[in-house]
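This briefing covers ligand surroundings, a surface patch and salt bridges. Please consult the sequence and structure shown here alongside the points that follow.

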Amino acid sequence: MTSPLQQKIKITGPSVITANRTWDGAVIYRDGQHGWTTDLSSAAVVRTADDARALLTESTADDVGAIGPYIAPVDVKDDGTIEPGNLREQIRRQGVTIDLPVPA
Amino acid sequence: MYAYDEIDRTLINERVSEFRDQVKRRLSGELTEDEFKMLRLMNGVYLQLHAYMFRVAIPYGTLSADQMRKMAHVARRYDRGYGHFTTRQNIQFNWIKLADLPDALEDLAKVGIHAMQTSGNCTRNITTDQWAGVAPGEVEDPRIWCELLRQYSTMHPEFSFLPRKFKFAITASAHDRAAIKVHDIGLRLHKNDGGETGFEVLVGGGLGRTPFIGKTIKPFVPGRDLLSYVEAILRVYNQYGRRDNIYKARIKILVHELGIEKFAAEVEDEWLAMRDNALTLDDEVVEDIRSRFTYPHYKQLTDLPDELKAASADPHFEAWRLNSVAPHRRPGYSIVTLSLKPIGGPPGDATADQMDAIADLADKYSFGEIRVGHEQNLALPHVAQRDLPALWRALDKIGVATPNVNLVTDIIACPGLDYCSLANTRSIPIAQELTRRFANHDTANLIGRLHVNISGCINACGHHHVGHIGILGVEKNGEEFYQITIGGRADEHAVVGTLIGPAVPYADVADVVEDIVEAYLALRARPDELFIDAVKRLGVEPFKERVYATR
Ligand code: HEM
Ligand code: SF4
């Protein structure tokens with residue numbers, strides 16, 4: 001695998017680093033305090049390729065905590081709320097778009 | 001049912017403790033994800049969008065009631081109360097925690113169930129006709145040969161790292177319910193002119209990015225030579241298969257690039273050099289496996305008992321019987337298909353409660369045996385006809401008696417973007433909408449046999465290429481679009497469907513399918529000309545016209 005340090009990173013807008021938590025697979029986002037959060041609104045938002053690379057490098061270093069960190073686009077609304085930038089990320093945050101066979 | 005021997009039980013138990021240790025080391029940081037990934041995949045553990053997914057093999061689609069109860073237990077205890085039956089006679093649990101996986105595996109091991117070779121570049125679960133052993137007219141029970149292949153291929157040192165995954169399917173009936181022509185190796189059990197039992201061997205079928213229908217490499221391989229012949233194929237593939245490019249690594253590409261004649265010649269050379277080696281199957285070996293399959297002590301019954309005649313006055317029962325009950329090789333018995341395709345539900349899902357209830361019904365009415373088919377439905381293979389009315393009432397109560405088997409609402413769909421990390425688009429909500437559109441049973445019945453298959457990306461887990469109507473999700477500028485093909489089929493006349501035109505947006509898919517079905521109803525020559533036959537006769541043009549005239 002190419003290390004994130006060597007990867008060419010292009011981002012087209014505000015982005016976050018997301019991954020899955022190792023022990024249960026849950027969707028997590030890198031926060032600004034060198035940790036992970038399951039809450040997108042607490043994620044660190046990066047806007048330049050350099051910042052994205054730095055955050056990705058730091059995230060990848062936490063191999064015990066998270067699997068497969070990558071950069072995902074987000075929309076930052078006028079009031080500051082963060083929304084996923086595409087359908088895939090929307091589904092990762094909100095869960096399946098269907099009713100589960102057994103209600104939670 | 002097949003009774004596993006001590007070797008199998010030991011193997012499975014060793015695997016569980018091995019995996020427990022590996023998970024422990026992963027969670028403590030001793031193993032990195034790069035190191036661990038291979039190990040988890042060897043135990044059927046994938047990472048999906050929101051969680052780990054755990055794929056468990058159901059060898060040749062046969063489950064005992066106790067095994068089904070264990071599936072229910074895993075669903076309830078470690079997952080979210082349900083499981084998903086797939087097109088390869090596996091079950092998948094979608095929400096399992098890595099930390100819980102060793103316990104889940106250990107619980108399953110108690111009933112001889114495991115997840116070995118449900119992932120990775122090895123021989124995957126060997127699949128067959130879900131009516132194996134009970135279908136009238138079958139040459140013999142194909143599961144005997146599945147089991148021989150299973151033992152041969154399990155942890156086979158030479159073939160654990162093939163260029164790519166490898167899938168076998170076997171049928172022993174004239175009508176192919178196992179889709180053998182879209183597998184890496186398809187085997188059709190039949191008798192030659194001399195009355196000897198053997199296999200027509202097909203090779204190089206497969207779906208995915210580049211679909212191919214399997215080609216016959218040898219019309220007759222005697223049963224005793226099955227393993228050596230298969231080994232010859234695997235050796236040629238192992239040697240020449242493209243390891244440099246994952247998209248070209250399946251055997252279908254090798255067969256296509258070399259041509260079937262050249263490929264067959266290579267295999268023949270290899271085989272002649274080794275055919276009389278230790279792999280030759282003595283009659284005793286085959287008999288030993290055969291003897292480990294037990295069959296029910298059927299009663300002497302006759303067809304059409306009074307209980308059945310009386311019940312047929314109820315139109316609901318009769319609609320279900322006509323749709324979901326098939327003839328059995330024994331008089332007085334039937335094969336009953338349980339539809340996991342309720343109107344508005346996700347195809348192939350069953351809740352833990354349903355699984356438990358089905359296990360109880362299997363004990364009561366089907367000698368404790370359940371089957372899983374590639375259409376993502378279940379079957380009870382040995383039901384006395386006189387029990388059908390009572391069974392129907394019980395199945396209806398738990399929601400698995402929708403009389404839609406093989407109809408337009410019996411949709412095969414992959415998990416798509418609701419679960420799968422490789423997906424472009426969603427599949428399940430499309431299937432759900434279609435079932436609502438065609439919810440009226442009389443309409444669906446009038447349309448007749450029609451298979452709709454949906455995949456959320458080109459990997460084709462939903463077999464869209466071989467759906468009578470195939471729906472493939474593609475992404476365009478971040479939006480979900482779907483390509484529609486028609487005329488595909490997966491049976492003994494397997495063909496890949498033809499694209500009818502440009503992809504349509506998510507919101508239009510159900511309308512397009514309705515248009516296609518309406519065009520068919522208007523154009524069919526007779527009420528019993530099936531959709532698939534009408535497409536063959538008419539070509540795609542009239543359907544294309546109908547769909548795109550106003551779009
Ligand atoms: C984590 C979920 C899944 C992943 C990552 C996955 C991955 C893939 C990939 C990469 C392929 C293409 C392989 C190739 O052509 O070399 C494939 C094919 C296939 N998968 Fe899946 N799949 C998943 C779920 C499923 C499910 C739920 C089913 C059944 C409903 C399924 C059944 C199949 C079948 C039948 C094929 C195509 C036949 C063939 O091998 O040519 N898979 N899958
Ligand atoms: S077809 Fe694609 S989206 Fe569907 S399960 Fe397979 S890999 Fe996932």
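Helices (H or I, at least four residues) and strands (E, at least two) are DSSP runs, numbered from the N terminus. The model is predicted.

**Ligand sites**
- The iron atom of ligand 1 has a single donor from the protein, the SG atom of B:Cys461, 2.2 Å away.
- B:Cys461 is placed in the loop between strand S17 (452–455) and strand S18 (469–476) of chain B.
- B:Cys461 is also among the residues around ligand 2, which include B:Cys414, B:Cys420 and B:Cys457.
- The shell around ligand 2 comprises eight nonpolar and four polar residues, with no charged residues.

**Surface patch**
- B:Met38, B:Met42 and B:Phe161 make a nonpolar surface patch of about 300 Å².
- B:Phe161, in the loop between helix H5 (143–153) and strand S7 (168–171) of chain B, counts as exposed because its relative accessibility is 53%.

**Salt bridges**
- Over all chains, the count comes to 52 salt bridges.
- B:Arg26 and A:Asp63 meet in a salt bridge, N to O 3.2 Å; this pair crosses between chains, from helix H1 (residues 6–28) of chain B to the loop between helix H1 (49–61) and strand S4 (66–76) of chain A.
- B:Arg26 is buried, at a relative accessible area of 0%, whereas A:Asp63 counts as partly exposed at 23%.
- In the salt bridge of B:Arg69 with B:Asp360, the closest N and O atoms are 3.0 Å apart; the pair links helix H3 (residues 65–78) and helix H12 (residues 352–365) of chain B, 291 residues apart.

Conventions
Residues numbered from 1 in each chain as written. Chains lettered and ligands numbered in written order. Predicted model: local features only at pLDDT ≥ 70, side-chain atom pairs only at ≥ 80, totals over all residues. Heavy atoms only, no water. Near = heavy atom within 4 Å. Nonpolar A, V, L, I, M, F, W, Y, C, P; charged D, E, K, R; others polar. Donors = N, O, S within 2.8 Å, 3.2 Å for Na, K, Ca; no water. Patch = residues over 30% accessible without salt bridge, like charges linked within 9 Å, V, L, I, M, F, W, Y side chains within 5 Å. Areas by Shrake-Rupley, 256 points an atom, 1.4 Å probe, with all protein chains shown as cover. Salt bridge = Lys/Arg side-chain N within 4 Å of Asp/Glu carboxyl O. Buried < 20%, exposed > 50% of the residue type's maximum accessible area, 1.4 Å probe, protein only.
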